[in-house]
There are 2 protein chains.
Amino acid sequence: MRATTIHGPFDMRVEEVPDPAVREPTDVVVRVLRACICGSDLWAYRGESQRQPGQRIGHEFLGTVVEAGARVTGFVPGDLVVAPFVWADGACEYCAEGLQTSCPQGGFWGSPGSDGGQGEAVRVPFADATLVKLPADAAFDDRLLTALLALSDVLGTGHHAALGAGVTKGSTVAVVGDGAVGLCGVIAAKRLGAERIIALGRHQVRTDLARTFGATDVVAVRGEEAVAAVRDLTGGQGAHAVIEAVGTEQSMRTAVGITRDGGAIGYVGVPHGSGTGLDLGVMFDRNIALRGGVAPVRAYIPELLPDVLDGTVDPSPVFDVTVGLDGVPDGYRAMDNRTALKVLVKP
Amino acid sequence: MRATTIHGPFDMRVEEVPDPAVREPTDVVVRVLRACICGSDLWAYRGESQRQPGQRIGHEFLGTVVEAGARVTGFVPGDLVVAPFVWADGACEYCAEGLQTSCPQGGFWGSPGSDGGQGEAVRVPFADATLVKLPADAAFDDRLLTALLALSDVLGTGHHAALGAGVTKGSTVAVVGDGAVGLCGVIAAKRLGAERIIALGRHQVRTDLARTFGATDVVAVRGEEAVAAVRDLTGGQGAHAVIEAVGTEQSMRTAVGITRDGGAIGYVGVPHGSGTGLDLGVMFDRNIALRGGVAPVRAYIPELLPDVLDGTVDPSPVFDVTVGLDGVPDGYRAMDNRTALKVLVKP
C-alpha cells in the first residue's frame, strides 16, 4: 500500500510500504477513508520532535474494517469505525479508569513498527477496545464523515481541555490558541454550558470560526496585551476556566495571566521549549490549578458521538483544505505556513 | 505592648511596639494566648523573603477579644477566638466562594502596617468575617488550645493540600515533607478516608509522628531513591494523590515522579528557588494535575473545628517546643537548625 513517511525535517514522502495484515488475533485492518494532519505533526515536520527516517505518521483516521482477527468480537469486515489517536488494550487499570493514554500496552499511530493514519490502511491492535463503530450510512455523508474524524483527536482533546479547565454551566472561559484544538475547545466549552467564551487568536478566519462555534469575544493580541484585554473583559479578574491549546512557553504564560484566582488551566497543547511558562509563585498566590495532558479521547467518544451524529456539534469546518494521499506533503507545507488550518486527507 | 520584629536576616527581636486599638468599627483587638512560628517564617528569617526592618511577624494565633468596634456583631470582649492566617472582608466574590486568600481587602498578619501573631495583641480587621469563635472552656485545656491553634494555618493547609491532591475514601496518598504542614497533610488525608499514606521524610522523630497520625509507610530517602521507593510500594505506578508540603524545586520534582498517571499533586509548600521542578512534558504524558496554593484556611475552620474539639483529630503534637515571647528568637534558631519541629509561643 501507499503511506506517508517522514525522512527528516520538511521531508515528507508518500511511498510504497508493506500492506498491513492481522498479526495478533485481536487485530483488525482498517482501510482509511479519512485522515488528517495534526498541529502536533508539525513538531516532527519541523524537526523539533525526533523521528526515525522512514517512520510513518498520522494519528487520526476513520475507515472501513477489511480484515478482523479470530478473537475480535466487536467488528466484522465492512464496519465503519473511528480510531482514537492511541490504541489501548481495554483490560488494564488505566483503561478501566478511562485513561487509555497510559495503557502499558497502548501506543501511538505512527510510532516505530506501527502504521500511521496518513496512509491507505492501518493495522489496529486491540481492536475491540480501541475502535468505535459508526453508523454505516455515515459513509455516504461527506460533511458528517469529516465531522466524525474530529473524534479521533481534536474534538476529544478540546473536551479534555474544557474538563481540565473546569468548564461548567455558566462558566466564563478563555481559550488560548486558534488552531483546530483551540477551536474544538470553544465547541466543547459551549457544549458544557459556558456562558462566555473568549477566544484568543490573531487570524481572523480562525477567530471568525471561533465565533461560529460559540465564542462571545475575541482577543486578537498576544502576551501582556492579551492578558490586559481578557482582564478588561472580565472585570479585572480573568477567566475561571482557561483552555491552553498551543503548548509554548508564551502561551502558558498568557494562560496563567488570564486565569481568575481559584480557577484552572486545562492544558492540551503538547509542551515544547525549555521553559514551562509557569510562574509557580503567581499560581500559588492565586490558587490556579493546572490539569490536562494528552487526552484519553477513546474515553470521550461515547459521550461526544451522539452529538456529532445529530449535528448538535459540528467540528467539520476546522478542516479547510482537502488533499489526496499524494497531496499530504503539500498539506504539511500549508499547515506549516498557516495557509491551512487543518488538512483533511482522502486517501 | 511587646511583639516580635524582624530587622534583617537572623535578626529577630522582641521589643516594645504601639498598643493595638480599634481603628475601624469592624475591628477587634485580640490578646494573644497562643501563637507559633511557621516554616514559612523561616524564609524571612533566612533573608530569602524580603521584609522591612522592624516589620512584625507571625501569622498564626488564637486569643481573647479585649475590644470590639461599634459595628462588630459577632464578638464581645472575653470571647475566645482563632484567626486564620489572613484577614478578609467576607463581603466580596472571593470570600463568598471560600477563597478568602484572594480577598482584595484581605491581608497577611505581619504585613507592613499590621500586627503580627508573635506578639501580645493583634488588631483584627473585618473581625466578623475573619475570626472564628471557640468554646470558652477550651481556654482551660492546654492540649486542646494548642490543637486549636493549628486551625490558624497548618491543619487547614494540610487539608487544602489533601483536597488539591484529590484524596478520597480509599486513596493511596504520598506526602512529600515531614514538617508541620506535611504532618497535617497526613492527618487530613487520614481524615478524608485515605487507605494508604506514604510519608516521605528523613527525620525519624517526625516520621514516627507521621505514623501516629496515620501514615502506613515511611520513605526515608530523597530524590530518585525516594521516587523508586514510592513506586516499589505502589506496584510501580506511584500514588494517585500526592501532597507537596516543602516548596523547593527538588521536592516538586519528587512529587511529579511519585504521582500515578491521572493523579494530582496538591501543593502547599510556598514555592522557592528559580526553577519550578515541574517537568511539564512528563506531567502532560501522564495527565498529572497540579492544584493548590495558599490555603484559604478560613473556609475550612467550620468543617475542621468540630473534629478538633471532639478529639477526632489532634494536631497538637506538631508543636514540640514551647517558648514565651522572649524566647521567640531562640525558637527561630531551633526551627532553622531543625532541632524544633514547630515552636509554640505563649506570650
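Two strands count as paired if DSSP finds at least two bridges between them. Helices (H or I, at least four residues) and strands (E, at least two) are DSSP runs, numbered from the N terminus.

## Model and numbering

This is a predicted model, in which local features need pLDDT of at least 70 and side-chain atom pairs count only at pLDDT 80 or more, while totals for chains, interfaces and linings use all residues. Residues are numbered from 1 along each chain as its sequence is written, and chains are lettered from A and ligands numbered from 1 in the order in which they are written.

## The three-stranded sheets

In chain B, an open sheet of 3 strands has the order S2-S1-S4, with antiparallel pairing. Strand S2 (11-16) and strand S4 (55-56) of chain B are the edge strands; each has a single partner strand, so one side of each has no neighbour in the sheet. Strand S1 (residues 2-8) of chain B runs antiparallel to S2(B), and 6 bridges join them. One of the residues paired in this way is Gly8(B), whose bridge partner in S2(B) is Asp11(B). Helix H12 (residues 328-336) of chain B lies across S1 and S2 of chain B, at about 160 degrees to S2(B). For such angles, axes are lines fitted to C-alpha atoms, for helices over the stretch in contact, and the values run from 0 to 180 degrees between N-to-C directions.

Chain A also has an open sheet of 3 strands, in the order S2-S1-S4 and with antiparallel pairing. At its edges stand strand S2 (11-16) and strand S4 (55-56) of chain A, each with a single partner strand, so one side of each is left without a neighbour in the sheet. Strand S1 (residues 2-8) of chain A is joined to S2(A) by 6 bridges, and the two run antiparallel. Within this pair, Ile6(A) stands opposite Met12(A) in S2(A). Across S1 and S2 of chain A lies helix H12 (residues 328-336) of chain A, which runs at about 160 degrees to S2(A).

## Two domains in chain A

Chain A is divided into domain 1 (2-153 + 296-346) and domain 2 (158-292), with bounds that come from an automatic or database domain assignment. The centres of domain 1 and domain 2 of chain A, taken over C-alpha atoms, are separated by 27 Å. Their contact takes 14 residues from domain 1 of chain A and 13 residues from domain 2 of chain A. Here two residues are in contact if their C-beta atoms, placed from the backbone, lie within 7 Å.

On the side of domain 1 of chain A that touches domain 2 of chain A, the largest share, 3 residues, comes from helix H11 (residues 297-309) of chain A. By class, that side of domain 1 has 9 nonpolar, 2 polar and 3 charged residues. In this scheme Ala, Val, Leu, Ile, Met, Phe, Trp, Tyr, Cys and Pro count as nonpolar, Asp, Glu, Lys and Arg as charged, and the others, Gly among them, as polar.

## Helices H5 and H11

In chain A, the axes of helix H5 (residues 154-164) and H11(A) come within 9 Å and cross at roughly 95 degrees. That makes H5(A) roughly perpendicular to H11(A), a term that covers angles of 65 to 115 degrees. Leu155(A), Gly156(A), Thr157(A) and His159(A) in H5(A) meet Val297(A), Tyr300(A), Ile301(A) and Leu304(A) in H11(A). The residues of this contact are 5 nonpolar, 3 polar and no charged.

In chain B, helix H5 (residues 154-164) and helix H11 (residues 297-309) have axes that come within 9 Å and cross at roughly 95 degrees. H5(B) and H11(B) are therefore roughly perpendicular to each other. From H5(B), Leu155(B), Gly156(B), Thr157(B) and His159(B) meet Val297(B), Tyr300(B), Ile301(B) and Leu304(B) in H11(B). This contact divides into 5 nonpolar, 3 polar and no charged residues.

## How the chains meet

The contact between the chains takes 23 residues from chain A and 24 residues from chain B. On the side of chain A that touches chain B, the elements that give two or more residues are strand S15 (259-267), helix H10 (280-286) and strand S16 (289-292) of chain A. H10(A) gives the most to that side, with 6 residues. By class, the side of chain A that touches chain B has 11 nonpolar, 7 polar and 5 charged residues. Of the interface residues of chain A, 100% are also interface residues in chain B, so the copies meet through the same surface.

Terms used
Angles under 35 degrees count as roughly parallel, over 145 as roughly antiparallel, 65 to 115 as roughly perpendicular and the rest as oblique.
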